[in-house]
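The following note sets out, point by point, what a colleague may wish to check in this structure. Each point may be read alongside the sequence and the coordinates.

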Amino acid sequence: MKDAGDVLLVIDVQNDFMPGGALAVAHGDEIVPVVNQLARGFRQVVLTQDWHPAAHRSFAANHAGREPFDTVTLPYGNQVLWPVHCVQDTPGAELHRDLDIPHAQLVIRKGLRAEVDSYSAFVEADRTTSTGLAGYLREIGAKRVWCCGLATDYCVAWSALDARAAGFDVALIEDASRAIDLNGSLDAAWRQLDAAGVARVQAADVLR
Ligand SMILES: [Zn+2]
């Protein structure tokens with residue numbers, strides 16, 4: 001069992017990111033039993049949900065003449081346009097039904113504002129608006145943040161990088177995550193994570 005300074009951060013294990021979902025991550029469902037087993041070894045677990053209004057700017061459908069996976073420039077920078085996904089209060093936004101972490105203490109919802117996306121669980125894509133998670137983790141005495149979920153190269157990587165920037169020791173649990181890998185995004189993410197000092201670990205190594 002991990003001690004009280006360790007927090008498992010489970011990113012976006014939601015129906016729309018599962019095979020058959022609106023923004024499917026290949027083999028995304030395979031992580032669910034791995035995450036469940038990991039969570040039993042942590043006293044402290046925080047979950048996130050991507051949670052968008054239907055008018056969200058990250059949806060290609062809200063940009064005339066654009067297709068999913070195009071990139072556009074928004075006031076805060078480049079934004080990949082995604083299929084409509086994780087709309088608030090829809091079945092696609094629900095956590096996977098087999099996710100079994102009854103002791104999870106907090107669910108952070110992100111991407112709630114129509115004009116700004118948020119891959120990160122800590123700071124929205126404008127890079128200024130905080131979700132409050134770093135302050136919460138500090139107040140509960142967290143020292144180490146163990147990140148897993150969907151997708152490795154977007155929401156998990158951005159969350160891990162921001163956790164590191166907030167001063168925590170951070171690891172990304174590779175086999176408890178799956179990637180989208182759009183135009184080399186997975187390699188790019190691992191380079192950034194490595195440069196930032198985020199450890200790359202496997203689930204079997206976490207609880208030994
Ligand atoms: Zn989203």
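1. A residue is called buried here when its relative accessible area is under 20%, and exposed when that area is over 50%. The model is a predicted one. By this cut-off His85, at 3% relative accessibility, counts as buried. His52 is likewise buried, with a relative accessible area of 0%.

2. Both histidines belong to the metal site. The zinc ion is coordinated by Asp50 through OD, by His52 through NE2 and by His85 through NE2, at 1.9 to 2.1 Å. Along the chain, the donors follow the spacing D-x1-H-x32-H. His52 lies in the loop between strands E2 and E3 (71–74), and His85 in the loop between strands E4 (77–80) and E5 (106–110), so the two histidines tie together parts that are 33 residues apart in sequence.

3. Strands E3 and E4 deserve a separate remark. They pair in the antiparallel sense over 4 bridges, and a hairpin of 2 residues joins E3 to E4. Within this pairing, Val72 stands opposite Gln79 of E4.

4. Which residues of helix H1 (residues 31–39) are buried? They are Ile31, Val32, Val35, Asn36, Leu38 and Ala39. These residues cover an arc of only 165 degrees around the axis, which means that they lie on the same side of H1. The face turned away from that buried side carries the exposed residues Pro33 and Gln37. The cover over the buried residues of H1 includes strands E1 (6–11), E2 (44–50), E6 (144–150) and E7 (169–178), together with helix H5 (203–206).

5. The largest nonpolar core comprises 61 residues, of which Leu8, Leu9, Val10, Leu137 and Ile173 touch the most other members. Helix H3 (residues 152–165) gives the most to this core, with 7 residues. For Val10, once neighbours within four places in sequence are left aside, the contacts are Val35, Val45, Val46, Leu47, Thr48, Ile101 and Cys148. One of these contacts, Val35, is also among the buried residues of H1.

6. The aromatic pairs number 6. One of them is formed by Phe42 and Trp146, edge-to-face, at 6.2 Å centre to centre and with 70 degrees between the planes. This pair links distant parts of the chain, since Phe42 is in the loop between H1 and E2 while Trp146 is in strand E6, 104 residues apart. Phe42 and Trp146 are both buried.

7. A further pair involves Trp82 and Tyr154. Their ring centres are 5.1 Å apart and their planes stand at 85 degrees, so this pair is edge-to-face. Trp82 belongs to the loop between E4 and E5 and Tyr154 to helix H3, so that the pair links distant parts of the chain, 72 residues apart. Both residues are buried. Ring pairs also link Trp82 and Tyr154 with Phe69, Tyr119 and Trp158 into a cluster.

8. Is Glu124 buried or exposed? At 10% relative accessibility, Glu124 counts as buried. Glu124 lies in the loop between E5 and helix H2 (133–139). Not counting residues up to four places away in sequence, Glu124 touches Arg113, Val116, Asp117, Ser118 and Thr129.

Conventions. Residues are numbered from 1 along each chain as its sequence is written. This is a predicted model: local features need pLDDT of at least 70, side-chain atom pairs count only at pLDDT 80 or more; totals for chains, interfaces and linings use all residues. Side-chain values use heavy atoms; hydrogens and water are left out. Buried means under 20% relative accessible area, exposed over 50%, partly exposed in between (1.4 Å probe, protein chains only). The arc is that of the directions from the helix axis to the C-beta atoms. Contact means heavy atoms within 4.5 Å. Donors are N, O and S atoms within 2.8 Å of the metal (3.2 Å for Na, K and Ca); water is not among the atoms, so sites may look incomplete. A nonpolar core is a set of buried Ala, Val, Leu, Ile, Met, Phe, Trp, Tyr and Cys residues joined through side-chain atoms within 4.5 Å. Two strands pair if DSSP finds at least two bridges between them. Rings of Phe, Tyr and Trp (its six-membered ring) pair if their centres lie within 6.5 Å; planes under 30 degrees apart count as stacked, over 60 as edge-to-face and the rest as tilted.
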